[in-house]
Amino acid sequence: MKILGIETSCDETAAAVVENGQKLLSNAVLSSMDLHAAYGGVVPEIAARSHIEAITPVINQALETAFPGCHPGKQWEQIDGIAVTYGAGLGGSLLVGVMSARTYAITKNKPLYAINHVEGHIYANFLTETSLPGYSLRAKQPEFPMLGLIVSGGHSQIVLWKNHFDYQLLGQTTDDAIGEAFDKVAKLLGLPYPGGPSVGKLAQSGDAKAYKLPKAKLKEKYNYSFSGLKTAVLRLAQSEIGEDHRFPSFKVAERLSEAQKANIAAGFQHTAVETVVDKVLMAFEEFMPKSVVIGGGVAASPELRKQLAQRLPLPIDYTDPKLMTDNGAMIATLGCFHAMHNKPTADPYSLEITPNLSM
Ligand code: KG4
Ligand code: ZN
């Protein structure tokens, strides 16, 4: 079972081929991140335009890498189905991937599988084999029950899977995703986008205990929130430079010393990560899963890995960092499971995007 996965929900145009939900045959990704960096975040119109230019070459590259030396017509003969992200994500961006997938499904006569992007992030952890250079995959597929933590720029969820396609959303952020909070704090501190790696780097030279920052307490026990923390970081930065809440946030960075910035970065990072790890630990103790898997760009955070290793009794096996950020392989992997479990296919003449698709 070989599935072509197509992913265009945000700023990565991505396509990949995966066999049997386990073996990575190719993984082509073209990011428009550099085009957004000047604006401190993803600009939806720029992302959609970049997808239009990139989608066909990226799909072709995924097929060529998966079936080297094969005539293009023969490459398609080996594909058993097409999986595409239809939500959640940016409307214009999703449209490009979905329209391409629909067109190929019709013209190449392949079954089409509509994939939820957030579920896809977790399925990157099912890849255990590849002959592609430069990948370090997990040794084994995760076992059920599986506790999944999705931490990305757009999503922050804790989900319990009893089996494939049998899951329960335990909790999620009530406002910003954790990656988004990193990106906004980076902007405040004058650090480059994406904020996760730049805040993490600066935090290394800071003292996480220099300032006291709040963790939100919510009624729903597995939900969490970052808006209070984000405001607390802004207020702290304003007071450190001797200004009050009226002082504009975009002028704060130039007045902070390097030491103040490093301490704020460290304090924010520690608190944001601890907020999520507290919930994972609670869910672990309540449901006693056989595996805990992490998906999404923030899974690359050394601070997250450190806190999980210190507090969770179960060691976590991570997938390759290239498969944590948005990619087509995670969509193709979940697509394989849709096909292998005989899940309904999508109608290539009518599949629509669902930008605010939930789990
Ligand atoms: O999964 P992803 O590529 O895109 C979405 O689906 O949103 O995640 C991107 C997010 C960004 O917010 C970025 O700041 C964050 O992941 N990120 C990190 C790290 N690398 C990327 N956050 C913390 N530490 C990192 N090393
Ligand atoms: Zn994502």
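The model I examined is a predicted one.

**Entry 1: largest pocket**

I looked up the largest pocket and found a volume of about 1000 Å³. Its lining comprises 41 residues, and Ser152, Gly153, Asp183, Tyr193 and Pro194 are those nearest the centre. Helices H5 (117-123), H6 (178-188) and H7 (195-203) are the elements that contribute two or more residues to this lining. H6 gives the most, with six residues. By class I recorded 14 nonpolar, 19 polar and eight charged residues in the lining of the largest pocket. I also noted that domain 1 (2-140 + 321-340) and domain 2 (147-311) each provide at least three residues of that lining.

**Entry 2: second largest pocket**

For the second largest pocket I noted a volume of about 400 Å³. It is lined by 19 residues, with Ala208, Ala266, Gly267, His270 and Thr271 nearest its centre. At least two lining residues come from each of H7, helix H9 (258-287) and helix H10 (302-311). H9 supplies the largest share, six residues. The classes here are six nonpolar, seven polar and six charged.

**Entry 3: zinc site**

I next asked which residues coordinate the zinc ion (ligand 2). They are His117 and His121, each through NE2, and Asp326 through OD, at 2.0 to 2.1 Å. The angles among the four donor atoms run from 96 to 137°, and the site is irregular. Along the chain the donors follow the spacing H-x3-H-x204-D. His121 belongs to helix H5 and Asp326 to the loop between H10 and helix H11 (328-340), so this pair ties together parts that are 205 residues apart in sequence. Both His121 and Asp326 are buried.

Is Thr319 buried or exposed? Its relative accessibility is 4%, so Thr319 counts as buried. Thr319 and Tyr123 are 196 residues apart along the chain, and their C-alpha atoms are separated by 9.9 Å.

Asn356 is placed in the segment after H11. I recorded Asn356 as exposed because its relative accessible area is 67%, where exposed means over 50%.

**Entry 4: backbone features**

Gly87 is joined to Ala88 by a cis peptide bond, with omega about -10°. Ala88 lies in the loop between strand S4 (81-87) and helix H4 (91-107). I found another cis peptide bond from Phe144 to Pro145, with omega near -5°. Pro145 is in the loop between strand S6 (129-130) and strand S7 (146-151).

I then looked up positive phi values. Phe165 is not a glycine, yet its phi is positive, about 65°. Phe165 sits in the loop between strand S8 (156-163) and strand S9 (166-172), and is partly exposed at 25% relative accessible area. Met288, likewise not a glycine, has a positive phi of about 45°. Met288 lies in the loop between H9 and strand S10 (291-295). With a relative accessible area of 53%, Met288 is exposed.

Note on methods:
Residues numbered from 1 in each chain as written. Chains lettered and ligands numbered in written order. Predicted model: local features only at pLDDT ≥ 70, side-chain atom pairs only at ≥ 80, totals over all residues. Heavy atoms only, no water. 1 Å grid on protein atoms, 1.4 Å probe; cavity = no way out; pocket = protein on both sides within 12 Å on 5 of 7 lines; lining within 4 Å. Points joined across faces, edges and corners; volume = space filled by probe spheres on them. Helix = DSSP H or I, 4+ residues; strand = E, 2+ residues; numbered from the N terminus. Nonpolar A, V, L, I, M, F, W, Y, C, P; charged D, E, K, R; others polar. Domains from an automatic or database assignment. Donors = N, O, S within 2.8 Å, 3.2 Å for Na, K, Ca; no water. Tetrahedral: all angles 85-135°; square planar, octahedral: opposite > 155°, others 65-115°. Buried < 20%, exposed > 50% of the residue type's maximum accessible area, 1.4 Å probe, protein only.
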